[in-house]
Structure formats: C-alpha cells, structure tokens
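This report describes selected features of one protein model. Please examine the sequence and the structure shown below before reading on.

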Amino acid sequence: GPNDIPTRVGAHTDLALVESGQEQARKLGRWLRAQNYIPDAIYCSELKRTKKTAELALKEAAITEHIYPLQIFNEIDYGPDENKPEDEVIARIGKEAIENWDKNAVVPDGWKFDPKGCIQNWQNFAQHLIDDQHDCTLVVTSNGVARFAPHLAGNFEEFATQNKIKLSTGALGILEFKNDAWRVHEWNVKP
C-alpha cells in the first residue's frame, strides 16, 4: 500500500492484494475484453494476491471460467531476503546481483530458486496447452516466474538484449503458438 515500506515479497509472504493491485486487476480485465482476449483457461499461483488478481480481472471482463491455482506459478523463494526492504537486500547481495537478476535472470546467492526447473515447468505447461488445444490462456504469476516464459520461444538471450525481462507491476506478456513454434508477441504491456 501507499504507506507501506516496499519489500521483496516472495513465495513465503502471502499478502492480500492491495487496492492499487485490485485496480490493476480490473484494468487487466477491461483490457482483455477490449482486446477480445477471452481465455478458455485461467491459471494462477497458490498465493492470495494472484488468485484475487485473476478473480477481479475475470469479473471485470465478464468471464466465468474456473481459475486453477498451480504451485509452478508461485513466486520464487527469496531465502534470507524474503520480505526485506530492497536496501537491506542490496546491502546483502549487492546492486550488481539485482541488476543481473533483472537483466539476465541470474539468481542471486541465497535465493532458493531453480531456473532450469522453472523453464521446464513453462515447457511442460506450454505442451499441456497445445495438447488440450487451448485458444487463449491467462496465467497470473509473479515477475520472478514470468521472466522465464520467453524461454519457450527458444531465443531468450536475444530476447533479453532487446527487452526488459522483468515485467513491471500490473504488466503482461503475450506469447503465442503459431506455425508449430512459440513466440513472444508482446512484452511488458501495461493495460
């Protein structure tokens, strides 16, 4: 919230969605409706904030699909930096480690996260979408997990040099499966 000290909120800090997050969710719903992106499957993490984001977005877009929480979309575990103010995190690991995380998805020392496992989760999930022939799927997750979705396109290094891999708060990425290949259609779109 506006009077809170921002902290590195991860998998073990299951906060409720603040008012500004609720408005971002409603904006997402209006954007989905305006763009005619009507998901036939909706997934989120098991955390309260992503469930509420999905619920509010769907309500705003007048979509009645069921929401499926999946552990693979939970925020990452920041280890000793969980729920700490960013200045404390930087004091522990250094500004360069944060920049390397934000630009190249290199996990800082002490964080409990497996990038290869996350990439494999995205690949398995994407195959599930193909196998079940979903036309449009909404995934509500954290930017820590979302930054690995572009690996589906097979050109992550090139993607990372041309894009900010960290999704801004309230922003979204659009990936599409076309001609038997995944591609990042849009990234860091602010509804």
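In the classification used here, Ala, Val, Leu, Ile, Met, Phe, Trp, Tyr, Cys and Pro count as nonpolar, Asp, Glu, Lys and Arg count as charged, and the others, Gly among them, count as polar. The model is predicted.

## The second largest pocket

The lining of the second largest pocket comprises 6 nonpolar, 3 polar and 4 charged residues. In total, 13 residues line this pocket, and those nearest its centre are Gln-71, Ile-72, Asn-74, Glu-75 and Phe-113. The volume of the second largest pocket is about 210 Å³.

## Packing of helices H3 and H4

Helix H3 spans residues 86-93 and helix H4 spans residues 95-104; their axes lie 6 Å apart and form an angle of about 105 degrees. Angles of 65 to 115 degrees count as roughly perpendicular, and H3 and H4 are therefore roughly perpendicular to each other.

On the H3 side, the contact is made by Glu-86, Val-89, Ile-90 and Ile-93, while H4 contributes Lys-95, Ala-97 and Ile-98. By class, this contact of H3 with H4 has 5 nonpolar and 2 charged residues, with no polar ones.

## Salt bridges

The model contains 8 salt bridges. Glu-23 and Arg-26 are separated by about one helical turn, because they stand 3 residues apart in helix H1 (residues 19-35).

Notes:
Residues are numbered from 1 along each chain as its sequence is written. This is a predicted model: local features need pLDDT of at least 70, side-chain atom pairs count only at pLDDT 80 or more; totals for chains, interfaces and linings use all residues. Side-chain values use heavy atoms; hydrogens and water are left out. On a 1 Å grid over the protein atoms alone, a cavity is a set of points where a 1.4 Å probe fits but cannot get out, and a pocket is an open set with protein on both sides within 12 Å along at least five of seven lines; lining residues have an atom within 4 Å of a point. Grid points are joined across faces, edges and corners, and a volume is the space filled by probe spheres set on the points. Axes are lines fitted to C-alpha atoms, for helices over the stretch in contact, and angles run from 0 to 180 degrees between N-to-C directions. Helices (H or I, at least four residues) and strands (E, at least two) are DSSP runs, numbered from the N terminus. Angles under 35 degrees count as roughly parallel, over 145 as roughly antiparallel, 65 to 115 as roughly perpendicular and the rest as oblique. Contact means heavy atoms within 4.5 Å. A salt bridge is a side-chain nitrogen of Lys or Arg within 4 Å of a carboxyl oxygen of Asp or Glu.
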